Amino acid sequence: MKTLKDAKIGQTVTVKKLHGEGPIRRRIMDMGITKGVEIYVRKFAPLGDPMELFIRGYELSLRKDDAQMIEVE
């Protein structure tokens, strides 16, 4: 299983499935990350966390712990 955490800089991935439960899953969905959406990985912070993404026309910073719950292809 490949997760968003494993994506490299400059790569575009498609969300396949969201893992996690309750409020964490809801928060991820509220950010616009839903099944079938394309995510472009722009860059990582100097220490590697968080990661900056481009999704649905806006930039989003996401912690790697949260990115690990997003299965991509």
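Predicted model: local features only at pLDDT ≥ 70, side-chain atom pairs only at ≥ 80, totals over all residues.

Residues are numbered from 1 along each chain as its sequence is written, and side-chain values use heavy atoms, with hydrogens and water left out.

**Around Asp66**
- Asp66 sits in helix H2, residues 64–67 (helices, H or I, are DSSP runs of at least four residues, and strands, E, of at least two, numbered from the N terminus).
- Asp66 is buried, at 3% relative accessible area (buried means under 20%, with a 1.4 Å probe and protein chains only).
- Setting aside residues up to four places away in sequence, Asp66 touches Arg27 and Ile28 (contact means heavy atoms within 4.5 Å).

**The nonpolar core**
- The largest nonpolar core has 19 residues, and Leu4, Ile33, Ile39, Leu62 and Ile70 have the most contacts inside it (such a core is a set of buried Ala, Val, Leu, Ile, Met, Phe, Trp, Tyr and Cys residues joined through side-chain atoms within 4.5 Å).
- Strands E1 (12–18), E2 (38–44), E3 (51–55), E4 (58–62) and E5 (70–72) each give two or more residues to this core.
- Beyond its neighbours within four places in sequence, Ile33 is in contact with residues including Val15, Leu18, Ile28 and Ile70.

**Strand pairing**
- E1 and E2 run antiparallel, joined by 3 bridges (strands pair if DSSP finds at least two bridges between them), and Thr14 has Glu38 in E2 as its bridge partner.
- E1 also pairs with E5 in the antiparallel sense, over 3 bridges, with Ile70 in E5 as the bridge partner of Leu18.

Key. Buried < 20%, exposed > 50% of the residue type's maximum accessible area, 1.4 Å probe, protein only.
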